[in-house]
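This report describes selected features of one protein model.

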Amino acid sequence: MKPCLEDLEYKFYTGFFVKLHNFLLELTEIFNRYFREKCILLRLQLLISDKSLSFFFIWSCCICLSPGKKMKILKQVMNNFSFSRSAWNWHIQDPASQRLTWNKPPKSVLVIKKIRDASLLQPFKELCVYLTEENNMIVYVEKKVLEDPAIANDENFGPVKKKFCTFREDYDDISNQIDFIICLGGDGTLLYASSLFQGSVPPVMAFHLGSLGFLTPFNFENFQSQVTQVIEGNAALVLRSRLKVKVVKEHREKSPVQNGIEENGVVSANLEKEVGKQIMQYQVLNEVVVDRGPSSYLSNVDVFLDGHLITTVQGDGVIVSTPTGSTAYAAAAGASMIHPNVPAIMITPICPHSLSFRPIVVPAGVELKIMLSPDARNTAWVSFDGRKRQEICHGDSISITTSCYPLPSICFRDPVSDWFESLAECLHWNVRKKQNNFAVEEEEF
């Protein structure tokens, strides 16, 4: 039986389109491989010249390259890195090499002043005059700062005050209007500045005009030259990691919430509602503290890491801190002090009822979850950098991980020098009277 003409035409066109489809796939793969190799070669050449990559990272990037291109990259690695008898001498990026770079000259600055401190009035006025009149910058100031009678009744400061842009916490969003921040006060002022920005944070320049000053490396005596250097981009930076915290609470009957303010006066931050749940999110610079609150019983909370129960804290509570917060409450609770450039999260118990519960350090990328144990006798309380304190009940959870929005802190010298100077001056780290050497007895002739 002879096949009909329609069947022959169908088979012909089917075979033709199948071959055409396969040809286009092969052509696409060739182009993709070519451009992929070009992009990888270009990026690797730039990064290798900076000597900031490890051999294993480079090798993983070379997997999709052809053998000839792969050997070319490895030869460049050999030329750019020194080789010893036993192992590679890898170049690790120096933290002091992080520098402040402006894409365009900064035009707006947020000045944060410690409230109810009369000693800061004169430095605040001098700084604002310098920024507005000599640098023609737009100065943002919190509205409650200008309500201070010493500022509101100062007629000489009136022309400068009229140029200010004001805002109110939890009401006005200024995150996209600020180029950099200047803090006048102590460490608490810097923590407050961090809380104002729940997303990306502008660079922060902190002047030491408070009590401790561990996080405030600048002295105010020569503020004009120091501010000018920052405006010109001539400054080092340290990226202080923050914690992204999500509090999930089970829905409970409460008095109605009016204007976003609960009955205890706490303003809900980033409040969301699910079916039967209430979700709040915070960005934390120092630490998250979970404690037993006013109860006389031990706190009994479970700590999970990436979904696995790692321990149950029985004591006064637990501190989850950043490297920046390791020199704050965590240090008082017996934890080690970690440099801000180290990517880590520290877990520190508060007065644990156990002789073997020591503080631990976990990688920055993990997710911690803290909940009340099912057999806990009482509730717990949580605070974030000492603020937004609230009660945690059965069924509630606190999820903590490293935020993708660090706080860029401007250094006086560099991240390493500033940190060790703060340890010595503020915490008197390793301060001890030196031991006397042996007296050399002269030989008797």
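Buried means under 20% relative accessible area, exposed means over 50%, and partly exposed lies in between, computed with a 1.4 Å probe and protein chains only. Val416 has 32% relative accessibility and therefore counts as partly exposed. The model is predicted: local features need pLDDT of at least 70, side-chain atom pairs count only at pLDDT 80 or more, and totals for chains, interfaces and linings use all residues. Residues are numbered from 1 along each chain as its sequence is written, and side-chain values use heavy atoms, with hydrogens and water left out.

**Surface patch**

Val416 sits in helix 11 (residues 415-426). Helices (H or I, at least four residues) and strands (E, at least two) are DSSP runs numbered from the N terminus. Together with Phe420 and Trp429, Val416 makes a nonpolar surface patch of about 270 Å². Patches consist of residues with over 30% relative accessible area and no salt bridge; like charges are joined within 9 Å, and nonpolar side chains (Val, Leu, Ile, Met, Phe, Trp, Tyr) within 5 Å. Accessible areas come from the Shrake-Rupley method with a 1.4 Å probe, and for residues only the protein chains shown count as cover.

**Salt bridges**

Side chains of opposite charge can pair when their charged atoms come close. A salt bridge is a side-chain nitrogen of Lys or Arg within 4 Å of a carboxyl oxygen of Asp or Glu. The whole structure has 6 salt bridges, and the table gives some of them.

| Salt bridge | N to O distance |
|---|---|
| Lys125 and Asp154 | 2.6 Å |
| Arg387 and Glu169 | 2.9 Å |
| Arg292 and Asp316 | 2.8 Å |

The salt bridge of Lys125 with Asp154 links distant parts of the chain, 29 residues apart: Lys125 lies in helix 4, and Asp154 in the loop between helix 6 (149-152) and helix 7 (158-161). Lys125 is buried at 14% relative accessible area, and Asp154 is buried at 19%.

In the salt bridge of Glu169 with Arg387, the partners are 218 residues apart, with Glu169 in the loop between strand 3 (165-167) and strand 4 (180-185) and Arg387 in strand 18 (residues 387-392). Glu169 is buried, with a relative accessible area of 19%, whereas Arg387 is partly exposed at 28%.

Arg292 is partly exposed at 25% relative accessibility, and Asp316 is partly exposed at 23% relative accessible area.

**Helices**

Two packed helices are described by the angle between their axes and the distance between the axes. For helix 4 (residues 121-134) and helix 9 (residues 223-231), the axes come within 11 Å and cross at roughly 45°. Helix 4 is therefore oblique to helix 9. Axes are lines fitted to C-alpha atoms, for helices over the stretch in contact, and angles run from 0 to 180 degrees between N-to-C directions. Angles under 35 degrees count as roughly parallel, over 145 as roughly antiparallel, 65 to 115 as roughly perpendicular, and the rest as oblique.

Helix 8 (residues 187-195) is largely enclosed by the rest of the structure, because 7 of its 9 residues are buried. Among the buried residues of helix 8 are Asp187, Thr189 and Leu190. Tyr192, also in helix 8, is buried at 14% relative accessible area. The C-alpha atoms of Tyr192 and Lys114 are 9.5 Å apart, although 78 residues separate the two along the chain.
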